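Morning, everyone. I have one model to go through today, and I will keep to what can be read from the coordinates.

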Amino acid sequence: MQLSGTRAEHGALGVGHWFRQRDISIGKRLAACFVAIIVLMIVADGLAVWQFRRMESSTERLRKADQTLQAVVRVHIDIGSFRDSVSVMANSQETHEFAKDTASLREKFLDDVERARRMVIASPELDENSTTSSALETLRTALPAQLNTVNELANAGDWTAVRLRLAHQIQDLRELSLSQVEKLDEQLAQAQGATLETTRQARSNLFIVVPIAALLTLLAAVVLGWYLTRSITVPLSELASGASALARGDFQHEVNVGGNDELAVVGRAFNHAARQLQELYEELREQASLLSLTHDSIFVRDMNAVIRYWNRGAEVLYGWSAEQAVGEVTHELLKTVFPVPLEQIEAELLRSGRWEGELSQSKKDGTQVVTATRWSLKRDEGGAPVAILVTSNDITERKRAEESLRESETRFRTFVDHAGDALFVYDFEQQTVVDVNREACDSLGYTREEIIGKTPLAFHPDSYQQEIEVVAERAAAGETAFDTHWHRRKDGTVFPVEVHTSRVLYGGRQFLLMVARDISDRLRAEEAVRQSEKQLREVIETIPAIAWTSSSDGSIEFVNKRWQEYTGMSPQESASFGWERAFHPKDLDRYVARRRTSLGSADSLEDEVRIRSGKNGEYRWFLSRAVPLRDEQGNIVRWCGTATDIHDRKQAEERLQVENVVLREEIDKASMFEEVVGASPALQTVLSAVSKVAPTDSTVLLTGQTGTGKELIARAIHRKSERSGRAFIGVNCAAIPQSLIASELFGHEKGAFTGALQRHLGKFELAEGGTIFLDEIGELPTETQVALLRVLQEREIQRVGGTQPIRVNVRILAATNRDLQKAIAAGTFREDLFYRLNVFPIHIPPLRERREDIPMLVEYFIDRFARKAGKNIRSIDKQSLELLESYSWPGNIRELQNVVERSVVLCDTDTLRIDHSWLSLGNSQLDSSTGSLAGKIQAQEKEFIEKALTETEGKVSGPLGAAAKLGISPSALEYKIRLLKINKHQFKRYLREN
């Protein structure tokens with residue numbers, strides 16, 4: 001290939017040839033160009049420095065001229081100041097001072113003249129004719145002489161001569177110095193003009209010299225660089241064209257680079273390499289013609305991994321055509337995954353000349369293939385490696401098959417080892433075990449190695465030899481044999497197994513597959529089930545109840561012996577729906593309807609029915625229960641039921657119900673106020689009010705003195721109300737600290753105050769649905785009264801520390817011994833709360849207002865405390881009874897109870913006596929008339945009671961008894977009868993006699 005170009009390129013080529021003809025290397029040529037450019041730069045800089053020096057010299061001359069002028073002007077000024085100073089001193093006419101001052105003036109003047117003279121000598125161009133130097137010399141010699149003359153005249157005292165000499169001689173010297181100053185000034189002006197002209201010329205020269213020098217330097221650098229570049233680029237272009245031709249496969253192309261420089265050496269080496277590549281290419285082409293005939297993937301890559309040859313097999317395997325693959329880097333194109341580092345493969349290849357292995361590579365469509373690859377190294381005549389021949393076979397499917405086979409074998413072995421049954425593989429021809437699973441080893445106690453190679457008789461009892469031969473023959477004939485026998489463990493113990501034996505053909509040989517299952521647990525379980533079924537059937541057949549089962553549609557499947565014995569119906573007669581004939585006609589429809597509903601909803605059934613006895617035809621009550629039995633999916637498979645005889649209980653319940661009705665009426669009348677003892681009109685008024693208000697939910701306010709029994713009345717109201725079945729909660733408001741009363745009544749939340757570690761329910765919540773009794777209501781603090789008022793109005797409470805209101809359903813009974821009207825006036829009790837509580841007020845009279853009840857109360861307390869103390873007290877001393885009846889009882893019934901209890905404790909006989917010192921007689925007055933009145937009342941009571949007993953034939957309780965006629969409770973009447981010593985049995989005899 002020949003290069004073509006412009007005329008400039010031919011010139012550059014000539015310059016390049018000029019350099020190469022002198023055998024100058026590229027480095028030396030570059031150094032020569034750099035030196036030439038540096039010399040040009042130095043010359044240009046020298047011209048610029050020369051112009052700067054001219055400007056500096058002119059400036060220096062101007063500076064010296066200016067200094068010289070200043071020195072001469074100073075001399076001129078010294079002469080003028082000398083004249084003036086001497087004139088002043090002459091006027092003073094002091095000779096001594098005049099001589100002293102003139103001496104100092106002379107020295108100063110001579111110093112200035114000497115300095116000016118030196119400056120003039122240093123600037124010869126200002127004093128070309130030496131006129132200035134002469135003038136200064138004249139002044140240096142003339143002025144001191146004049147000073148000497150003036151000093152002599154002054155010493156002589158001729159001051160007039162002094163003044164005249166100063167006026168004429170010194171003035172001449174001054175004019176001489178002035179003329180020199182003017183002359184120097186004119187010369188200085190000329191020097192300044194010359195300096196300025198020189199400076200302008202130097203600046204103009206700089207403006208011309210510097211750009212020209214820079215331009216010349218740049219031009220020289222460009223020319224030299226262009227020449228040098230062309231001398232390098234032309235050969236490089238030639239080399240590039242050769243490389244392109246070589247890449248195209250044009251191995252005939254030669255590079256024409258003359259000379260002996262580096263590029264020429266490269267050109268000659270390039271031509272040599274091209275010839276070698278052509279020889280190699282021809283050799284490879286001959287081999288490729290053979291490789292194209294094979295179906296294997298074959299390609300050739302150079303030592304830089306660039307593909308140089310790509311056969312048809314490679315195109316088919318990888319999907320890239322030869323045009324696409326040739327010139328590409330192997331590993332980048334195929335994305336090869338090496339089993340070992342590539343450096344290790346290359347080292348092995350260089351060492352042995354070949355390498356074989358499996359590689360994972362990518363096809364053109366991105367799929368992965370596994371290839372069995374063989375690399376062969378090609379060397380040149382000198383032994384240097386030049387290319388690698390790569391042969392590949394696609395083994396992807398084979399690898400997948402091998403992996404699937406390994407996975408299948410592993411999975412199969414895992415499944416076999418984890419099978420719950422023991423597996424034995426028996427070689428029918430060799431009559432030995434060839435394989436077992438883990439369960440077989442575990443069950444027999446042998447290792448796998450100990451079992452393999454042995455005959456089955458090694459782990460069977462000796463008596464099984466004939467049986468195993470029969471089983472083997474059956475299996476060999478193609479039949480699957482099932483049998484149960486015994487296995488013997490390594491330790492000699494035996495256990496039952498169930499064995500399935502079948503024939504397996506593999507590799508033209510017969511094998512027997514024996515699957516053995518340990519049935520020890522199953523046999524034990526079956527035996528346990530049999531025993532359990534036997535026991536269960538015995539229990540079902542012997543239980544004193546009817547038992548049955550039915551299918552999911554309700555038809556009877558089984559009945560026990562109890563059903564057969566009671567109804568006289570056989571299981572066949574009772575099957576399906578034949579059992580309905582034994583049910584009472586009035587109960588059958590109801591029971592069938594409920595049973596049908598239960599079958600549809602799958603809920604358990606419970607009903608009471610009457611079933612006819614087969615012996616006497618009598619119907620008896622039975623409690624029938626049925627529950628569904630479900631399978632694992634929750635479907636009902638059958639119903640199980642029982643029927644229990646409840647006839648006696650049913651009759652007892654009916655009788656009890658009738659008796660309860662009668663007894664409840666008697667209890668309501670007789671024991672409504674069983675703890676409230678007394679028959680006085682005042683007490684009867686209270687009890688009448690209680691009977692009226694008890695069935696309602698009205699709030700009741702009980703008032704009365706301490707110890708009158710307000711809580712007993714409250715309990716009586718609760719028992720008579722509809723809330724009697726719920727709680728009765730009593731709260732003494734005076735016994736609870738004011739800081740805790742709200743928490744006790746309404747409860748508190750956790751953390752409401754210090755010590756509130758958990759939620760606490762108040763009395764109102766505990767009394768939900770029942771009755772709460774607030775005793776001593778007058779002692780409530782004001783803030784608690786507000787909360788109680790809200791309960792009465794809204795029926796809501798709020799716990800201490802709570803945020804949500806709580807609805808309550810509680811009846812409120814309140815009691816107090818205080819005058820609440822006075823408390824309202826004093827501001828300690830809320831008026832609105834009082835009106836809310838005072839819905840139904842009941843006043844409990846004190847004991848002194850119901851003295852007629854004292855004997856009954858005393859008798860009641862004696863009986864109560866004597867029974868508790870284990871004593872037999874038959875009566876009370878008459879004087880003691882009169883003493884108790886005459887006492888005012890400021891402590892009311894509670895005081896009476898305490899006095900009687902003390903007397904019972906101290907009593908040692910069967911007659912109770914009261915010590916009068918126990919009573920506060922100072923606060924009571926004994927009234928004889930009262931005692932006589934009490935006797936009259938007792939006599940009248942006795943008469944009434946005897947009359948009532950006569951009419952009822954001595955019967956006390958019941959709706960027709962004497963207590964009902966008198967309007968008191970039976971217990972109160974019994975107490976009166978004992979107190980008045982009435983024999984109630986005599987009235988029955990009296991009626992019979994008359």
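Mean pLDDT for the protein chain is 78, with 83% of the residues at 70 or more. Where pLDDT is low, the predicted coordinates should not be read in detail.

Overall content next. The protein chain has 33 helices and 24 strands. It runs to 994 residues, of which 39% count as buried. If we take contacts between residues at least 6 apart in sequence, 59% of them join residues at least 24 apart.

Now the open sheet. What is the order of its 5 strands? Reading across, it goes β2-β1-β5-β4-β3, and the pairing is antiparallel. The edges are β2, residues 307-310, and β3, residues 354-362. Each of these has a single partner strand, so one side of each is left without a neighbour in the sheet. On average, neighbouring strands are turned by 25° against each other, with direction ignored.

At the β2 end, the partner is β1, residues 297-302, which runs antiparallel to β2 and is joined to it by 3 bridges. Val 300 stands opposite Tyr 309 of β2.

Next, the strands around β10, residues 509-518. On one hand, β10 pairs with β6, residues 422-427, in the antiparallel sense over 6 bridges. Leu 423 has Val 515 in β10 as its bridge partner. On the other, β10 pairs with β9, residues 494-506, again antiparallel, over 10 bridges. There, Glu 498 has Arg 517 as its bridge partner. The hairpin of β9 and β10 has 2 residues between the strands, and Gly 507 takes a positive phi near 65°.

On to the helix pair. Helix α20, residues 681-693, packs with helix α21, residues 710-720, at an angle of about 35°, and the axes are 9 Å apart. The crossing is right-handed. Which residues of α20 meet α21? They are Val 686, Leu 687, Val 690 and Val 693, and they meet Ile 713, Ala 716 and Ile 717. By class, the contact has 7 nonpolar residues, no polar and no charged ones. As for the spacing along each helix, an α-helix has 3.6 residues a turn, so residues three or four places apart point the same way.

Last, helix α32, residues 970-979. Is this helix largely enclosed or exposed? Largely enclosed by the rest of the structure, because 7 of its 10 residues are buried. The buried ones are Pro 970, Ala 972, Leu 973, Tyr 975, Lys 976, Ile 977 and Leu 979. Note that a lysine, Lys 976, is on that list. Just after α32, Lys 981 takes a positive phi of about 60°.

That is the end of my part.

Methods. Residues are numbered from 1 along each chain as its sequence is written. This is a predicted model: local features need pLDDT of at least 70, side-chain atom pairs count only at pLDDT 80 or more; totals for chains, interfaces and linings use all residues. Side-chain values use heavy atoms; hydrogens and water are left out. pLDDT is the predictor's confidence in each residue, from 0 to 100. Axes are lines fitted to C-alpha atoms, for helices over the stretch in contact, and angles run from 0 to 180 degrees between N-to-C directions. Helices (H or I, at least four residues) and strands (E, at least two) are DSSP runs, numbered from the N terminus. A crossing is left-handed if the near helix is turned anticlockwise from the far one by less than a right angle, and right-handed if clockwise. Contact means heavy atoms within 4.5 Å. Ala, Val, Leu, Ile, Met, Phe, Trp, Tyr, Cys and Pro count as nonpolar, Asp, Glu, Lys and Arg as charged, and the others, Gly among them, as polar. Two strands pair if DSSP finds at least two bridges between them. Buried means under 20% relative accessible area, exposed over 50%, partly exposed in between (1.4 Å probe, protein chains only).
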